Protein chains: 2
Amino acid sequence: MKEYIFLNGQIIPAENANIHVSDLGLLRGYGIFDFFRAIDGKPIFIEDHLDRFENSANLMGLKIPASRDELRNIILEIIRLHPQHLLGVKMVMTGGYSADGYTPAEQSNLIVMGKPFEFKPADVGMKLMSVEYRREIPEIKTLNYITPIRALAKIKESGADDVLYHQNGLISESSRSNIFVIKNEKIITPVDGALFGVTRKHVLNIAKRHFVVEERDLSTQEYWDADEVFTTGSTKRIIAITQTDNKVFSEGKVGKITKKLQDLFLEHEKNFS
Amino acid sequence: MKEYIFLNGQIIPAENANIHVSDLGLLRGYGIFDFFRAIDGKPIFIEDHLDRFENSANLMGLKIPASRDELRNIILEIIRLHPQHLLGVKMVMTGGYSADGYTPAEQSNLIVMGKPFEFKPADVGMKLMSVEYRREIPEIKTLNYITPIRALAKIKESGADDVLYHQNGLISESSRSNIFVIKNEKIITPVDGALFGVTRKHVLNIAKRHFVVEERDLSTQEYWDADEVFTTGSTKRIIAITQTDNKVFSEGKVGKITKKLQDLFLEHEKNFS
(Lines give C-alpha, C1' and ligand atoms only; values in the text may rest on other atoms or scores of the structure.)
Protein backbone atom coordinates (compact mmCIF):
# COMPACT_ATOMS: atom_id res chain seq x y z
CA MET A 1 0.00 0.00 0.00
CA LYS A 2 1.29 3.42 -0.92
CA GLU A 3 1.30 5.68 2.16
CA TYR A 4 0.37 9.35 2.27
CA ILE A 5 0.86 12.05 4.87
CA PHE A 6 -0.89 15.37 5.35
CA LEU A 7 1.71 18.07 6.01
CA ASN A 8 0.87 21.76 6.34
CA GLY A 9 -2.02 21.96 3.90
CA GLN A 10 -1.13 19.18 1.47
CA ILE A 11 -1.48 15.43 1.25
CA ILE A 12 1.74 14.06 -0.20
CA PRO A 13 3.44 10.67 -0.61
CA ALA A 14 4.77 9.62 2.82
CA GLU A 15 8.38 9.42 1.62
CA ASN A 16 8.28 13.16 0.76
CA ALA A 17 6.90 14.28 4.13
CA ASN A 18 9.89 16.28 5.30
CA ILE A 19 9.95 19.09 7.79
CA HIS A 20 12.62 21.76 8.16
CA VAL A 21 15.04 21.27 11.05
CA SER A 22 13.95 24.61 12.57
CA ASP A 23 10.71 22.93 13.67
CA LEU A 24 10.12 23.51 17.39
CA GLY A 25 8.89 19.94 17.92
CA LEU A 26 12.25 18.68 16.73
CA LEU A 27 14.43 21.34 18.44
CA ARG A 28 12.59 21.64 21.78
CA GLY A 29 10.04 18.84 21.95
CA TYR A 30 7.36 21.53 21.80
CA GLY A 31 4.30 19.84 20.39
CA ILE A 32 1.29 17.61 20.91
CA PHE A 33 -0.25 14.63 19.22
CA ASP A 34 -3.23 12.33 19.28
CA PHE A 35 -3.81 8.85 17.97
CA PHE A 36 -6.88 6.81 17.17
CA ARG A 37 -8.01 3.88 15.10
CA ALA A 38 -10.09 3.46 11.99
CA ILE A 39 -11.74 0.08 11.48
CA ASP A 40 -12.70 -0.75 7.90
CA GLY A 41 -12.50 2.93 7.02
CA LYS A 42 -14.51 4.20 10.00
CA PRO A 43 -12.72 6.32 12.61
CA ILE A 44 -13.47 5.17 16.17
CA PHE A 45 -14.34 7.83 18.79
CA ILE A 46 -13.04 10.54 16.42
CA GLU A 47 -14.93 13.39 18.13
CA ASP A 48 -13.41 12.46 21.50
CA HIS A 49 -9.95 12.55 19.95
CA LEU A 50 -10.60 15.88 18.24
CA ASP A 51 -11.82 17.24 21.61
CA ARG A 52 -8.64 16.09 23.29
CA PHE A 53 -6.38 17.36 20.50
CA GLU A 54 -8.05 20.79 20.75
CA ASN A 55 -7.67 20.73 24.52
CA SER A 56 -3.95 19.82 24.26
CA ALA A 57 -3.48 22.65 21.74
CA ASN A 58 -5.19 25.18 24.03
CA LEU A 59 -3.14 24.13 27.06
CA MET A 60 0.07 24.47 24.99
CA GLY A 61 -0.93 27.86 23.58
CA LEU A 62 -0.86 26.47 20.02
CA LYS A 63 -3.39 27.23 17.30
CA ILE A 64 -4.53 24.38 15.07
CA PRO A 65 -4.12 25.65 11.48
CA ALA A 66 -7.44 24.12 10.44
CA SER A 67 -11.03 24.30 11.65
CA ARG A 68 -12.53 21.22 13.27
CA ASP A 69 -14.43 20.42 10.07
CA GLU A 70 -11.30 20.87 7.97
CA LEU A 71 -9.27 18.65 10.28
CA ARG A 72 -11.97 15.98 10.28
CA ASN A 73 -12.02 16.06 6.46
CA ILE A 74 -8.23 15.73 6.30
CA ILE A 75 -8.46 12.71 8.59
CA LEU A 76 -11.24 11.12 6.52
CA GLU A 77 -9.19 11.65 3.36
CA ILE A 78 -6.12 10.04 4.97
CA ILE A 79 -8.30 7.09 6.00
CA ARG A 80 -9.72 6.84 2.45
CA LEU A 81 -6.21 6.77 0.97
CA HIS A 82 -5.20 3.85 3.23
CA PRO A 83 -7.81 1.12 2.72
CA GLN A 84 -6.95 -1.15 5.65
CA HIS A 85 -8.95 -3.25 8.08
CA LEU A 86 -7.11 -1.60 10.97
CA LEU A 87 -5.54 1.81 10.49
CA GLY A 88 -3.86 3.92 13.16
CA VAL A 89 -4.26 7.64 12.57
CA LYS A 90 -1.85 10.04 14.20
CA MET A 91 -2.09 13.83 14.33
CA VAL A 92 1.05 15.72 15.36
CA MET A 93 1.24 19.48 15.85
CA THR A 94 4.33 21.46 16.83
CA GLY A 95 5.28 25.05 17.64
CA GLY A 96 6.16 25.57 13.97
CA TYR A 97 9.30 26.93 12.34
CA SER A 98 10.83 28.96 15.12
CA ALA A 99 12.94 31.99 14.20
CA ASP A 100 15.13 31.74 17.32
CA GLY A 101 14.86 28.00 18.00
CA TYR A 102 12.87 28.64 21.18
CA THR A 103 9.81 30.82 20.64
CA PRO A 104 6.79 29.21 18.97
CA ALA A 105 6.02 30.55 15.48
CA GLU A 106 2.71 32.16 14.53
CA GLN A 107 1.92 29.13 12.39
CA SER A 108 1.98 25.64 13.91
CA ASN A 109 3.13 22.66 11.85
CA LEU A 110 0.39 20.05 11.45
CA ILE A 111 0.93 16.46 10.35
CA VAL A 112 -1.67 13.69 9.90
CA MET A 113 -0.44 10.17 9.18
CA GLY A 114 -2.06 6.76 8.73
CA LYS A 115 -0.38 3.43 9.36
CA PRO A 116 -1.76 -0.12 9.50
CA PHE A 117 -1.55 -1.69 12.94
CA GLU A 118 -2.57 -4.81 14.82
CA PHE A 119 -4.29 -5.17 18.17
CA LYS A 120 -2.65 -7.13 20.92
CA PRO A 121 -4.62 -10.37 21.35
CA ALA A 122 -7.22 -9.81 24.08
CA ASP A 123 -6.76 -13.25 25.62
CA VAL A 124 -3.11 -12.66 26.51
CA GLY A 125 -1.98 -10.45 29.37
CA MET A 126 0.80 -7.88 29.49
CA LYS A 127 3.65 -7.60 31.97
CA LEU A 128 4.65 -4.23 33.39
CA MET A 129 7.85 -2.99 35.00
CA SER A 130 7.33 -0.37 37.72
CA VAL A 131 9.17 2.93 37.23
CA GLU A 132 9.24 5.85 39.64
CA TYR A 133 7.99 8.66 37.43
CA ARG A 134 5.10 11.03 36.88
CA ARG A 135 4.67 12.74 33.54
CA GLU A 136 5.51 16.44 33.60
CA ILE A 137 2.14 17.67 32.36
CA PRO A 138 -0.06 14.58 32.40
CA GLU A 139 -3.15 16.44 31.20
CA ILE A 140 -1.56 17.28 27.83
CA LYS A 141 -0.68 14.67 25.23
CA THR A 142 2.77 16.16 24.62
CA LEU A 143 5.58 14.70 22.50
CA ASN A 144 7.78 13.99 25.52
CA TYR A 145 8.39 10.23 25.83
CA ILE A 146 12.04 10.36 26.85
CA THR A 147 11.68 8.42 30.11
CA PRO A 148 9.77 5.37 28.77
CA ILE A 149 11.86 5.16 25.57
CA ARG A 150 15.04 5.37 27.61
CA ALA A 151 13.68 2.47 29.69
CA LEU A 152 13.08 0.22 26.64
CA ALA A 153 16.27 -1.82 27.07
CA LYS A 154 15.53 -2.42 30.78
CA ILE A 155 11.92 -3.34 30.02
CA LYS A 156 13.06 -5.93 27.49
CA GLU A 157 15.74 -7.24 29.84
CA SER A 158 13.19 -7.78 32.61
CA GLY A 159 10.81 -9.58 30.24
CA ALA A 160 8.16 -6.89 30.58
CA ASP A 161 6.08 -5.23 27.83
CA ASP A 162 5.75 -1.72 29.22
CA VAL A 163 6.11 0.47 32.30
CA LEU A 164 3.91 1.23 35.31
CA TYR A 165 4.43 4.77 36.60
CA HIS A 166 4.28 5.47 40.33
CA GLN A 167 5.49 8.36 42.45
CA ASN A 168 5.04 9.32 46.10
CA GLY A 169 3.17 6.08 46.75
CA LEU A 170 0.59 6.68 44.01
CA ILE A 171 0.00 4.85 40.73
CA SER A 172 -0.65 7.10 37.73
CA GLU A 173 -0.57 5.31 34.37
CA SER A 174 1.46 3.28 31.89
CA SER A 175 3.52 4.89 29.10
CA ARG A 176 0.64 5.09 26.59
CA SER A 177 -2.34 3.62 28.40
CA ASN A 178 -4.45 3.98 31.53
CA ILE A 179 -4.51 1.62 34.49
CA PHE A 180 -7.51 0.05 36.26
CA VAL A 181 -7.50 -2.30 39.23
CA ILE A 182 -10.29 -4.55 40.49
CA LYS A 183 -10.68 -5.45 44.15
CA ASN A 184 -13.70 -7.32 45.51
CA GLU A 185 -15.58 -6.58 42.26
CA LYS A 186 -14.98 -2.83 42.68
CA ILE A 187 -13.18 -1.06 39.82
CA ILE A 188 -10.70 1.72 40.63
CA THR A 189 -8.73 3.94 38.24
CA PRO A 190 -6.27 6.70 39.21
CA VAL A 191 -6.97 10.36 38.58
CA ASP A 192 -3.81 12.19 39.68
CA GLY A 193 -0.99 12.10 37.14
CA ALA A 194 -2.97 10.29 34.46
CA LEU A 195 -3.81 11.42 30.94
CA PHE A 196 -7.54 10.77 30.60
CA GLY A 197 -7.66 8.39 27.69
CA VAL A 198 -10.58 8.16 25.32
CA THR A 199 -10.78 4.38 25.80
CA ARG A 200 -10.65 5.00 29.58
CA LYS A 201 -13.69 7.26 29.29
CA HIS A 202 -15.71 4.72 27.34
CA VAL A 203 -14.66 1.86 29.65
CA LEU A 204 -15.74 3.93 32.66
CA ASN A 205 -19.15 4.58 31.10
CA ILE A 206 -19.66 0.89 30.41
CA ALA A 207 -18.27 -0.31 33.74
CA LYS A 208 -20.53 2.02 35.75
CA ARG A 209 -23.60 0.19 34.44
CA HIS A 210 -22.40 -3.10 35.96
CA PHE A 211 -19.98 -2.38 38.80
CA VAL A 212 -19.05 0.04 41.54
CA VAL A 213 -16.45 2.33 39.95
CA GLU A 214 -14.14 4.78 41.70
CA GLU A 215 -12.03 7.46 40.01
CA ARG A 216 -9.58 8.59 42.67
CA ASP A 217 -5.98 8.38 43.90
CA LEU A 218 -4.71 4.81 43.80
CA SER A 219 -1.95 3.81 46.20
CA THR A 220 0.82 1.43 45.20
CA GLN A 221 -0.33 -0.85 48.04
CA GLU A 222 -3.82 -1.09 46.56
CA TYR A 223 -2.23 -1.91 43.22
CA TRP A 224 -0.22 -4.80 44.65
CA ASP A 225 -3.30 -6.07 46.51
CA ALA A 226 -5.58 -6.02 43.45
CA ASP A 227 -7.53 -9.10 42.31
CA GLU A 228 -7.25 -8.09 38.65
CA VAL A 229 -5.45 -5.31 36.78
CA PHE A 230 -6.03 -4.11 33.24
CA THR A 231 -4.95 -1.32 30.97
CA THR A 232 -6.87 0.64 28.34
CA GLY A 233 -5.75 2.49 25.23
CA SER A 234 -6.56 3.07 21.58
CA THR A 235 -4.17 0.37 20.36
CA LYS A 236 -5.15 -2.02 23.13
CA ARG A 237 -8.85 -1.61 23.92
CA ILE A 238 -8.72 -3.56 27.24
CA ILE A 239 -5.71 -5.77 27.99
CA ALA A 240 -5.17 -7.66 31.24
CA ILE A 241 -2.04 -6.92 33.25
CA THR A 242 -1.07 -10.36 34.44
CA GLN A 243 2.21 -9.41 36.04
CA THR A 244 4.05 -6.34 37.37
CA ASP A 245 7.64 -6.79 38.53
CA ASN A 246 7.50 -10.14 40.37
CA LYS A 247 3.83 -9.94 41.33
CA VAL A 248 1.43 -12.12 39.33
CA PHE A 249 -2.22 -11.06 39.08
CA SER A 250 -5.29 -13.27 38.48
CA GLU A 251 -3.06 -16.37 38.24
CA GLY A 252 -1.37 -14.97 35.14
CA LYS A 253 -4.61 -15.11 33.14
CA VAL A 254 -7.19 -12.59 31.98
CA GLY A 255 -9.40 -12.11 35.04
CA LYS A 256 -13.15 -12.76 35.05
CA ILE A 257 -14.24 -9.13 35.34
CA THR A 258 -11.60 -7.97 32.86
CA LYS A 259 -12.96 -10.52 30.38
CA LYS A 260 -16.51 -9.29 30.93
CA LEU A 261 -15.44 -5.68 30.31
CA GLN A 262 -13.58 -6.72 27.15
CA ASP A 263 -16.80 -8.27 25.80
CA LEU A 264 -18.93 -5.28 26.79
CA PHE A 265 -16.42 -2.89 25.21
CA LEU A 266 -16.42 -4.75 21.87
CA GLU A 267 -20.23 -4.53 21.83
CA HIS A 268 -20.10 -0.81 22.67
CA GLU A 269 -17.48 -0.07 20.01
CA LYS A 270 -19.78 -1.50 17.31
CA ASN A 271 -22.04 1.52 17.80
CA PHE A 272 -19.22 3.71 16.50
CA SER A 273 -18.03 1.64 13.56
CA MET B 1 25.26 35.57 4.83
CA LYS B 2 24.24 32.26 3.27
CA GLU B 3 23.61 29.67 5.99
CA TYR B 4 24.54 25.99 5.85
CA ILE B 5 23.55 23.01 7.94
CA PHE B 6 25.20 19.63 8.39
CA LEU B 7 22.58 16.91 8.17
CA ASN B 8 23.36 13.19 8.24
CA GLY B 9 26.69 13.27 6.45
CA GLN B 10 26.30 16.31 4.22
CA ILE B 11 26.65 20.05 4.54
CA ILE B 12 23.78 21.63 2.60
CA PRO B 13 22.17 25.07 2.26
CA ALA B 14 20.13 25.71 5.43
CA GLU B 15 16.85 26.08 3.52
CA ASN B 16 17.17 22.49 2.26
CA ALA B 17 17.82 20.97 5.69
CA ASN B 18 14.70 18.86 5.97
CA ILE B 19 14.14 15.80 8.04
CA HIS B 20 11.48 13.13 7.53
CA VAL B 21 8.49 13.30 9.89
CA SER B 22 9.28 9.80 11.18
CA ASP B 23 12.20 11.29 13.13
CA LEU B 24 11.99 10.26 16.79
CA GLY B 25 13.02 13.73 18.00
CA LEU B 26 9.98 15.15 16.28
CA LEU B 27 7.53 12.35 17.17
CA ARG B 28 8.62 11.63 20.75
CA GLY B 29 11.04 14.36 21.80
CA TYR B 30 13.73 11.68 21.89
CA GLY B 31 17.00 13.47 21.37
CA ILE B 32 19.81 15.59 22.78
CA PHE B 33 21.63 18.75 21.81
CA ASP B 34 24.51 20.99 22.77
CA PHE B 35 25.31 24.60 22.02
CA PHE B 36 28.45 26.68 22.14
CA ARG B 37 29.96 29.83 20.69
CA ALA B 38 32.65 30.59 18.18
CA ILE B 39 34.32 33.98 18.44
CA ASP B 40 36.00 35.21 15.26
CA GLY B 41 36.05 31.67 13.94
CA LYS B 42 37.39 30.03 17.11
CA PRO B 43 35.12 27.62 19.02
CA ILE B 44 35.09 28.33 22.75
CA PHE B 45 35.40 25.40 25.18
CA ILE B 46 34.67 22.98 22.29
CA GLU B 47 36.20 19.93 24.01
CA ASP B 48 33.98 20.48 27.07
CA HIS B 49 30.93 20.61 24.81
CA LEU B 50 31.98 17.49 22.90
CA ASP B 51 32.47 15.74 26.27
CA ARG B 52 28.98 16.72 27.36
CA PHE B 53 27.39 15.79 24.02
CA GLU B 54 29.01 12.35 24.22
CA ASN B 55 27.84 11.98 27.81
CA SER B 56 24.26 12.95 26.87
CA ALA B 57 24.37 10.45 24.00
CA ASN B 58 25.58 7.64 26.28
CA LEU B 59 22.91 8.36 28.90
CA MET B 60 20.23 8.29 26.18
CA GLY B 61 21.54 5.09 24.62
CA LEU B 62 22.21 6.88 21.32
CA LYS B 63 25.26 6.41 19.12
CA ILE B 64 26.81 9.50 17.54
CA PRO B 65 27.19 8.67 13.81
CA ALA B 66 30.64 10.27 13.68
CA SER B 67 33.90 9.90 15.59
CA ARG B 68 34.98 12.76 17.86
CA ASP B 69 37.50 13.90 15.25
CA GLU B 70 34.90 13.74 12.48
CA LEU B 71 32.39 15.70 14.56
CA ARG B 72 35.01 18.32 15.44
CA ASN B 73 35.86 18.68 11.74
CA ILE B 74 32.18 19.09 10.82
CA ILE B 75 31.88 21.82 13.46
CA LEU B 76 35.01 23.59 12.22
CA GLU B 77 33.69 23.47 8.65
CA ILE B 78 30.32 24.92 9.76
CA ILE B 79 32.20 27.70 11.57
CA ARG B 80 34.33 28.35 8.46
CA LEU B 81 31.21 28.63 6.30
CA HIS B 82 29.71 31.29 8.61
CA PRO B 83 32.34 34.02 8.98
CA GLN B 84 30.86 35.94 11.91
CA HIS B 85 32.28 37.73 14.93
CA LEU B 86 29.87 35.75 17.16
CA LEU B 87 28.48 32.45 15.96
CA GLY B 88 26.30 30.07 17.95
CA VAL B 89 26.86 26.43 17.02
CA LYS B 90 24.20 23.87 17.81
CA MET B 91 24.46 20.09 17.54
CA VAL B 92 21.19 18.12 17.65
CA MET B 93 20.94 14.34 17.65
CA THR B 94 17.74 12.30 17.72
CA GLY B 95 16.67 8.66 17.90
CA GLY B 96 16.61 8.58 14.08
CA TYR B 97 13.90 7.46 11.67
CA SER B 98 11.84 5.14 13.82
CA ALA B 99 10.02 2.24 12.12
CA ASP B 100 7.22 2.16 14.71
CA GLY B 101 7.29 5.80 15.87
CA TYR B 102 8.56 4.76 19.30
CA THR B 103 11.70 2.61 19.17
CA PRO B 104 14.99 4.38 18.36
CA ALA B 105 16.48 3.46 15.00
CA GLU B 106 19.93 1.92 14.57
CA GLN B 107 21.12 5.17 13.00
CA SER B 108 20.70 8.46 14.89
CA ASN B 109 19.99 11.67 12.99
CA LEU B 110 22.71 14.28 13.50
CA ILE B 111 22.38 17.99 12.73
CA VAL B 112 24.98 20.76 13.16
CA MET B 113 23.89 24.37 12.63
CA GLY B 114 25.53 27.78 12.92
CA LYS B 115 23.70 31.04 13.57
CA PRO B 116 24.98 34.52 14.43
CA PHE B 117 24.01 35.67 17.91
CA GLU B 118 24.57 38.54 20.31
CA PHE B 119 25.53 38.46 23.96
CA LYS B 120 23.31 40.10 26.52
CA PRO B 121 25.12 43.26 27.73
CA ALA B 122 27.09 42.35 30.87
CA ASP B 123 26.25 45.60 32.67
CA VAL B 124 22.49 44.95 32.67
CA GLY B 125 20.83 42.43 34.96
CA MET B 126 18.11 39.90 34.20
CA LYS B 127 14.80 39.35 35.97
CA LEU B 128 13.58 35.85 36.73
CA MET B 129 10.15 34.45 37.47
CA SER B 130 10.11 31.55 39.92
CA VAL B 131 8.45 28.36 38.67
CA GLU B 132 7.92 25.17 40.66
CA TYR B 133 9.65 22.63 38.46
CA ARG B 134 12.61 20.30 38.24
CA ARG B 135 13.75 18.97 34.89
CA GLU B 136 12.98 15.31 34.32
CA ILE B 137 16.54 14.19 33.68
CA PRO B 138 18.65 17.24 34.56
CA GLU B 139 21.95 15.50 33.84
CA ILE B 140 21.12 15.07 30.15
CA LYS B 141 20.77 18.00 27.73
CA THR B 142 17.55 16.62 26.23
CA LEU B 143 15.24 18.33 23.75
CA ASN B 144 12.44 18.72 26.32
CA TYR B 145 11.73 22.43 26.92
CA ILE B 146 7.95 22.22 27.13
CA THR B 147 7.57 23.77 30.59
CA PRO B 148 9.69 26.93 30.05
CA ILE B 149 8.33 27.53 26.53
CA ARG B 150 4.78 27.12 27.81
CA ALA B 151 5.63 29.75 30.45
CA LEU B 152 6.85 32.34 27.89
CA ALA B 153 3.61 34.33 27.87
CA LYS B 154 3.54 34.49 31.70
CA ILE B 155 7.23 35.45 31.82
CA LYS B 156 6.59 38.33 29.42
CA GLU B 157 3.44 39.38 31.30
CA SER B 158 5.37 39.56 34.58
CA GLY B 159 8.16 41.61 33.00
CA ALA B 160 10.72 38.86 33.58
CA ASP B 161 13.35 37.52 31.16
CA ASP B 162 13.42 33.87 32.16
CA VAL B 163 12.45 31.34 34.82
CA LEU B 164 13.98 30.19 38.12
CA TYR B 165 13.23 26.54 38.85
CA HIS B 166 12.61 25.40 42.41
CA GLN B 167 11.03 22.29 43.89
CA ASN B 168 10.68 20.89 47.40
CA GLY B 169 12.35 24.01 48.80
CA LEU B 170 15.46 23.72 46.62
CA ILE B 171 16.69 25.92 43.78
CA SER B 172 18.00 24.02 40.74
CA GLU B 173 18.61 26.21 37.67
CA SER B 174 17.12 28.53 35.07
CA SER B 175 15.72 27.31 31.74
CA ARG B 176 19.06 27.37 29.88
CA SER B 177 21.58 28.58 32.44
CA ASN B 178 22.97 27.82 35.89
CA ILE B 179 22.39 29.80 39.06
CA PHE B 180 24.91 31.15 41.59
CA VAL B 181 24.23 33.12 44.76
CA ILE B 182 26.68 35.17 46.83
CA LYS B 183 26.26 35.63 50.58
CA ASN B 184 28.90 37.29 52.74
CA GLU B 185 31.43 36.92 49.90
CA LYS B 186 30.79 33.16 49.74
CA ILE B 187 29.67 31.73 46.38
CA ILE B 188 27.13 28.91 46.31
CA THR B 189 25.74 27.01 43.32
CA PRO B 190 23.18 24.18 43.41
CA VAL B 191 24.03 20.61 42.52
CA ASP B 192 20.73 18.72 42.71
CA GLY B 193 18.53 19.12 39.66
CA ALA B 194 21.00 21.23 37.68
CA LEU B 195 22.59 20.51 34.32
CA PHE B 196 26.28 21.15 34.86
CA GLY B 197 26.99 23.87 32.34
CA VAL B 198 30.35 24.34 30.67
CA THR B 199 30.39 28.02 31.64
CA ARG B 200 29.46 26.98 35.20
CA LYS B 201 32.51 24.71 35.29
CA HIS B 202 34.88 27.45 34.15
CA VAL B 203 33.33 30.02 36.49
CA LEU B 204 33.77 27.60 39.40
CA ASN B 205 37.45 27.11 38.54
CA ILE B 206 38.03 30.85 38.41
CA ALA B 207 35.94 31.66 41.49
CA LYS B 208 37.76 29.07 43.63
CA ARG B 209 41.01 31.02 43.22
CA HIS B 210 39.47 34.11 44.84
CA PHE B 211 36.52 33.09 47.01
CA VAL B 212 35.08 30.37 49.18
CA VAL B 213 32.89 28.33 46.82
CA GLU B 214 30.29 25.72 47.74
CA GLU B 215 28.64 23.28 45.32
CA ARG B 216 25.68 21.86 47.26
CA ASP B 217 21.92 21.98 47.70
CA LEU B 218 20.66 25.55 47.76
CA SER B 219 17.43 26.29 49.63
CA THR B 220 14.91 28.80 48.33
CA GLN B 221 15.38 30.73 51.61
CA GLU B 222 19.11 31.11 50.94
CA TYR B 223 18.26 32.32 47.46
CA TRP B 224 15.94 35.05 48.74
CA ASP B 225 18.54 36.06 51.37
CA ALA B 226 21.41 36.35 48.86
CA ASP B 227 23.51 39.52 48.54
CA GLU B 228 24.04 38.94 44.81
CA VAL B 229 22.71 36.42 42.30
CA PHE B 230 24.05 35.63 38.86
CA THR B 231 23.52 33.13 36.08
CA THR B 232 25.98 31.48 33.70
CA GLY B 233 25.58 30.02 30.24
CA SER B 234 27.15 29.85 26.79
CA THR B 235 25.03 32.71 25.42
CA LYS B 236 25.37 34.75 28.61
CA ARG B 237 28.83 34.22 30.10
CA ILE B 238 27.97 35.76 33.52
CA ILE B 239 24.83 37.89 33.87
CA ALA B 240 23.59 39.40 37.13
CA ILE B 241 20.10 38.45 38.31
CA THR B 242 18.87 41.76 39.70
CA GLN B 243 15.33 40.64 40.43
CA THR B 244 13.31 37.47 40.97
CA ASP B 245 9.54 37.82 41.38
CA ASN B 246 9.25 40.93 43.59
CA LYS B 247 12.61 40.57 45.29
CA VAL B 248 15.35 42.95 44.11
CA PHE B 249 19.01 41.89 44.52
CA SER B 250 22.08 44.13 44.84
CA GLU B 251 19.93 47.25 44.50
CA GLY B 252 18.94 46.27 40.98
CA LYS B 253 22.52 46.58 39.73
CA VAL B 254 25.34 44.20 38.86
CA GLY B 255 26.85 43.36 42.25
CA LYS B 256 30.50 43.94 43.12
CA ILE B 257 31.57 40.29 43.20
CA THR B 258 29.54 39.44 40.10
CA LYS B 259 31.35 42.27 38.28
CA LYS B 260 34.72 40.93 39.43
CA LEU B 261 33.86 37.44 38.18
CA GLN B 262 32.70 38.85 34.84
CA ASP B 263 36.10 40.52 34.40
CA LEU B 264 38.01 37.40 35.46
CA PHE B 265 35.93 35.26 33.11
CA LEU B 266 36.62 37.48 30.10
CA GLU B 267 40.35 37.22 30.84
CA HIS B 268 40.08 33.44 31.19
CA GLU B 269 38.12 33.06 27.96
CA LYS B 270 40.90 34.76 26.01
CA ASN B 271 43.05 31.68 26.61
CA PHE B 272 40.60 29.69 24.50
CA SER B 273 40.03 32.09 21.62
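**View 1. Superposition of chain B on chain A.** In this predicted model, chain B can be laid on chain A with an RMSD of 0.0 Å by a turn of 180° and a shift of 0.0 Å along the axis, the copies being superposed by least squares on the C-alpha atoms of residues with pLDDT of at least 70 in both. The two copies are thus related as by a two-fold rotation axis. The same surface serves both copies, since 100% of the contact residues of chain B recur in chain A, where contact means heavy atoms within 4.5 Å. The model is predicted, and local features need pLDDT of at least 70, side-chain atom pairs count only at pLDDT 80 or more, and totals for chains, interfaces and linings use all residues. Residues are numbered from 1 along each chain as its sequence is written, chains are lettered from A and ligands numbered from 1 in the order in which they are written, and side-chain values use heavy atoms, with hydrogens and water left out.

View 2. Strand β1 (residues 4-7) and strand β2 (residues 10-13) of chain B pair in the antiparallel sense over 4 bridges; strands are DSSP runs of E with at least two residues, helices are runs of H or I with at least four, and both are numbered from the N terminus, while two strands pair if DSSP finds at least two bridges between them. B:Phe6 stands opposite B:Ile11 of β2(B). The hairpin has 2 residues between its strands, and B:Asn8 in the turn has a positive phi of about 45°.

**View 3. The open sheet of chain B.** The 6 strands follow the order β2-β1-β7-β6-β4-β5, with antiparallel pairing. Strands β2 and β5 (42-43) of chain B stand at the edges, each with a single partner strand, so one side of each is left without a neighbour in the sheet. Strand β6 (residues 86-94) is joined to β7 (residues 109-116) of chain B by 8 bridges, and B:Val89 stands opposite B:Gly114 in β7(B).

**View 4. Helix α3 of chain B.** The buried residues of α3(B) are B:Leu71, B:Ile74, B:Ile75, B:Ile78 and B:Ile79, buried meaning under 20% relative accessible area with a 1.4 Å probe and protein chains only. Seen down the helix axis, these buried residues fall within an arc of 135°, so they line one face of α3(B); the arc is that of the directions from the axis to the C-beta atoms.

View 5. A:Thr258 lies in helix α8 (residues 256-270) of chain A and, at 0% relative accessibility, counts as buried.

Technical notes:
Buried means under 20% relative accessible area, exposed over 50%, partly exposed in between (1.4 Å probe, protein chains only).
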